[in-house]
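Please read them with the sequence and coordinates open.

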Amino acid sequence: MSKRYLFALALMIFSVAAIDAATIHLIMVYETEDQNIGATADATLMKAQVNNIAQITNMEVRVHEFDRRDSRVAGFLTSFRAGQDDVVWFHYSGHGANSGNGWPQYTDGSSRYAQTEVHELLMRCGARLNITMYDACNIGATEEAWSRTSSMPGNQLTMLFKKASGDILISSASDAAYSWGSPQTGGFATTSLARAINQVEFTPQDTPRTLWTKVLREMKGKTNRMCQSINKSPQNPKWDMNLSRDPENDTGSTVHNTPERSIDMRNMGSAFGN
């Protein structure tokens with residue numbers, strides 16, 4: 001057998017393995033001009049978190065990074081496609097406000113990006129698991145609530161990111177509430193989610209849904225404790241989860257509070273033409 005043939009065979013095997021490898025797509029949009037809210041710290045934390053997950057679960061990583069004012073985000077999200085075993089994690093960190101349906105939105109300066117629209121758009125990209133998180137204020141009135149149109153770290157991460165199938169929608173603040181952060185730690189909810197993923201207690205009885213429920217409830221508790229540490233009212237993160245192997249929905253409770261990541265978007269149209 002010639003060396004040329006062996007090289008070609010090895011290249012083919014490597015190429016097939018690369019194509020079949022599950023990938024975590026981290027799509028990040030964050031505030032870069034206002035350094036006081038900690039969005040750049042969130043971006044650093046999210047990249048480290050996803051790289052750690054990928055290393056332990058033997059997944060690939062692709063990072064897609066945008067400034068909040070980048071108008072190309074709408075086109076990217078509309079055309080984005082993922083593999084059937086991939087994980088897509090969209091993370092926005094910056095100023096925001098209630099979109100009118102109980103979930104936040106942000107603006108690039110001319111168009112609005114409602115979290116629920118982004119989430120439903122990404123649910124069509126073909127990935128096995130979709131996670132959409134906004135770490136932003138959710139201040140403003142809810143006019144019509146959104147409804148669906150449709151202990152070893154390695155073990156816990158495999159359960160959370162390799163075995164889970166479905167989608168998770170996360171807002172750092174409940175209806176009509178502000179979201180808090182600092183330049184040192186980043187958004188309180190983003191920091192708390194990363195810690196909860198790394199520290200969640202895994203048992204042999206856990207399913208993807210029960211483990212994700214633990215993570216999200218711990219994220220909520222940690223976030224509210226961070227708010228209390230700076231003498232602010234709890235921002236009460238909320239979520240809507242639908243994992244196909246465990247089809248029950250699990251939605252976080254909502255309470256109101258009140259200051260730091262909000263912006264007026266009432267006169268702007270949706271980035272997706274709705």
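In which loop is the place of E31? The loop in question lies between β1 (23-30) and α2 (39-57); helices (H or I, at least four residues) and strands (E, at least two) are DSSP runs, numbered from the N terminus.

1. Basis of the note. This is a predicted model, in which local features need pLDDT of at least 70, side-chain atom pairs count only at pLDDT 80 or more, and totals for chains, interfaces and linings use all residues. Residues are numbered from 1 along each chain as its sequence is written, and side-chain values use heavy atoms, with hydrogens and water left out.

2. Confidence. The average pLDDT (the predictor's confidence in each residue, from 0 to 100) of the protein chain is 85, and 82% of the residues score at least 70. Residues 5-19 stay under 50, and the model gives this stretch one contact beyond four places in sequence, where contact means heavy atoms within 4.5 Å. Residues 246-260 also have a pLDDT below 50, but this stretch has 54 contacts in the model beyond near neighbours in sequence.

3. E31. This residue is buried, with a relative accessible area of 1%; buried means under 20%, exposed over 50%, and partly exposed in between (1.4 Å probe, protein chains only). The side chain of E31 makes a polar contact with that of R69 at 2.9 Å. A polar contact is a pair of N or O atoms within 3.5 Å; within protein, one must be able to donate a hydrogen and the other to accept it, and residues adjacent in sequence count only if both atoms are side-chain atoms. Leaving aside neighbours within four places in sequence, the contacts of E31 include R68, R69, S93, G94 and H95.

4. β1 runs parallel to strand β2 (residues 60-67), and eight bridges join them; two strands pair if DSSP finds at least two bridges between them. H25 stands opposite R62 in β2. With α2, these strands make a right-handed β-α-β unit; right-handed means that, with the strands pointing away from the viewer, the path from the first strand over the helix to the second runs clockwise.

5. The four-strand sheet. An open sheet with mixed pairing has the order β4-β5-β6-β13. β4 (97-98) and β13 (269-270) are at the edges with a single partner strand each, so one side of each has no neighbour in the sheet. Three bridges join β5 to β6 in the antiparallel sense, with Y106 partnered by Y113 in β6. The two strands form a hairpin with three residues between them, and G109 in the turn has a positive phi of about 115 degrees. On the other pairing, β6 (residues 111-114) and β13 are parallel over two bridges, and the partner of S111 in β13 is G269.

6. Both faces of β6, and α4. S111 and Y113 point one way from β6, R112 and A114 the other way, and all are buried. Helix α4 (residues 115-122) is mostly covered, with six of its eight residues buried: Q115, T116, V118, H119, L121 and L122.

7. β8 and β11. Strand β8 (residues 166-171) runs antiparallel to β11, with six bridges joining them. I170 has W239 as its bridge partner in β11. Five of the six residues of β11 (residues 238-243) are buried.

8. D206. This residue lies in the loop between α6 (188-199) and α7 (208-229) and is buried at 8% relative accessibility. Its side chain reaches the backbone nitrogen of T203 at 2.9 Å and makes a polar contact with the side chain of K214, also at 2.9 Å. Residues up to four places away not counted, D206 touches M159, E201, L211 and K214.

9. Cysteines. How many disulfides does the model have? The count is zero, taking a disulfide as a pair of cysteine sulfur atoms within 2.5 Å. C125 is buried at 4% relative accessible area, and C227 is buried at 0%.
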